[in-house]
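Reader: I am new to this. Can you walk me through the structure, one feature at a time?

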Amino acid sequence: MVNTLKLPVGIDSFEKIRKNQFYYIDKTKLIEQLVETGGEVTLFTRPRRFGKTLNMSMLRSFFEIGADASLFDGLYIAENKELCEEYLGKYPVIFLSLKSVEGLTFEDAKYRMTELIGLEAERFGFLEDSEHLSENEKKRYKAIISLNNGMNTMNEKMLISSLQVLSQLLYKHFGKKVIILIDEYDVPLDKAFQNGFYREMVSLIRGLFGMALKTNDSLQFAVLTGCMRISKESIFTGLNNFEVLSILNDQYDESFGFTDAEVKKILNDYNFKDHYLEVKEWYDGYHFGNTDIYCPWDVIQYCKSLYLDAAAKPQDFWSNSSGNAIVRRFIDKADISTRNEIERLIAGESIEKDVVSELTYDEIDKSIENLWSVLFTTGYLTHKGCTESGKYRLVIPNKEVRNLFVKKIREWFSDVSRNDGKTLEEFCSAFVDKDSEKIEQIFGDYLWNTISIRDTAVAKEKKENFYHGILLGLLGYKSNWLIKSNAESGIGYSDILVEVPTNRTGIVIEIKYAEDGNLDAACEKALKQIEEKDYVAKLKQDGMKNFIKYGIACFKKICKVVVE
């Protein structure tokens, strides 16, 4: 039975998945496409957690000399006997994943690169004794792997030529040209930009890639993967044999991520087909080329959760798996116009934007338009076609990413409001003073200046949660007040209970969203609910002596406050 196979959460080794009985969605058609239509140097750009590393591992397992053909038994590529006969296990392969190349200084990051290439070169230890290499060539190999007190001693000049040299030596030893696979090629550039040595890292990578990919007669072909397409002028200067395949290209559009049919298959295989609609709502929505795509990381993670607990609910697996600083940077930079566009996105609408396909990291923050492009290429936004003028209709892909935007908006609002002490002191004091007009004025100002969540597709309770969250954040300014959210009180759960030590004052706040815009009626309903459900009961139990009851109604960016 298929559903006895283990689910490969976090496993990106093709060999490990196939040898250790893990479930595998067959992506081996990628091999056929590369052989039949691939260029000499191919770059795939896809968001993180979309199976890039696993696909690169699969390519290595297929092409590398000494390959285990049984790993491909029963898979798509095994049906192409002629191709397998010609290519399976026929090439030396250099495989590097640059995701670990980082450091607080350029020297630290450069050493990580040195160590990474040195370790990969050590896999080819037979070169030291190869009868096909001259003594000088063997010395060049030793220069790549040499250690002193356990530390790699390769200098920067040798580092830049190391991939070219290693491929030349492998070509001479085997008599077969070399395949170079470089995974997460842009991570060192991202980390370097964050830590202030971007130009030095650009220079290093430009030199390394230039020699390995541009002036290398020993190269059969190369495949690179990354999240962003870094401008050709930045690191791929003069590379005329270079093909970039992004999320906008039709070619290979099913090679990364899961298609709808693949998701239905895995759900059926594990008897989770009743969860299809929630999987679609949470993890679908990406559009690569002509194909709708699910995030594979999420689907596998959620299936694993369901396997362990049949009642498991969908979670934000993708957004929790890595940093999301780009979303916060975007919100921080947003002006009134951009905030309105964010509101429209969260409401499920599309916005029309030009997408810049090539950027350098030092250009990202230069304009809000560049940030839109980065959000698109890195998977925080997707598209639903183009306008006649060539602009893309950008949308938030699914519920998971929408929740991330909401979370980052709340963090931003909390940080902005925290710096507004005088106003917050007035706001909190107004609750004790029963000054409903002051509360209404200050709360209204905050609503006007924040990014509202007015999704017409969500239930009224969800809209109320947004206003509830803002109010909690504002009241949290008073560190000596005890504030309870959704606390059990009387015969129900009150929105907010506040216990003020001064005069032992207890405050009950009930929030309503006025779907029809009738704020007065919504306030009246809120106060009536406080009475009927006896929300004051909990405050009495806690020893409060004075009680104040507020009904607050909200509609989009306006509010009404009534005190009983």
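Predicted model: local features only at pLDDT ≥ 70, side-chain atom pairs only at ≥ 80, totals over all residues.

Reader: Let us start with the rings. How many aromatic pairs does the structure hold?

Author: There are 38 aromatic pairs. Take phenylalanine 63 and phenylalanine 221 as one case. Their centres are 5.4 Å apart, with 80° between the planes. Planes over 60 degrees apart count as edge-to-face, so this pair is edge-to-face.

Reader: Which parts of the chain does the pair link?

Author: Distant ones. Phenylalanine 63 is in helix α3, residues 52–63. Phenylalanine 221 is in strand β6, residues 219–226.

Reader: Are phenylalanine 63 and phenylalanine 221 buried or exposed?

Author: Both are buried. They also belong to one aromatic cluster.

Reader: Now charges over rings. Which ring has arginine 49 over it?

Author: That of tryptophan 297. The charged end of arginine 49 sits 4.0 Å from the ring centre. Arginine 46 gives another case: it lies over the face of phenylalanine 288, at 5.3 Å from the ring centre.

Reader: On to the pocket. How is empty space found?

Author: Rolling a probe the size of a water molecule over the atoms shows where space is left empty. Here, the largest pocket has a volume of about 1,300 Å³.

Reader: Which residues lie nearest the centre of the largest pocket?

Author: Arg48, Arg49, Lys52, Glu184 and Cys227. The lining holds 48 residues. By class, 24 are nonpolar, 13 polar and 11 charged.

Reader: Which elements give two or more residues to that lining?

Author: They are α3, α8 (187–195), α13 (296–308) and α14 (325–333). The largest share, five residues, comes from α8.

Reader: Where does lysine 434 lie?

Author: In the loop between α18 (421–432) and α19 (436–449). Lysine 434 has a positive phi of about 60° as well. With a relative accessible area of 47%, lysine 434 is partly exposed.

Note on methods:
Residues numbered from 1 in each chain as written. Heavy atoms only, no water. Phe/Tyr/Trp six-rings, centres within 6.5 Å; stacked < 30°, edge-to-face > 60°. Helix = DSSP H or I, 4+ residues; strand = E, 2+ residues; numbered from the N terminus. Buried < 20%, exposed > 50% of the residue type's maximum accessible area, 1.4 Å probe, protein only. Lys NZ or Arg CZ within 6 Å of the ring centre and 35° of its normal. 1 Å grid on protein atoms, 1.4 Å probe; cavity = no way out; pocket = protein on both sides within 12 Å on 5 of 7 lines; lining within 4 Å. Points joined across faces, edges and corners; volume = space filled by probe spheres on them. Nonpolar A, V, L, I, M, F, W, Y, C, P; charged D, E, K, R; others polar.
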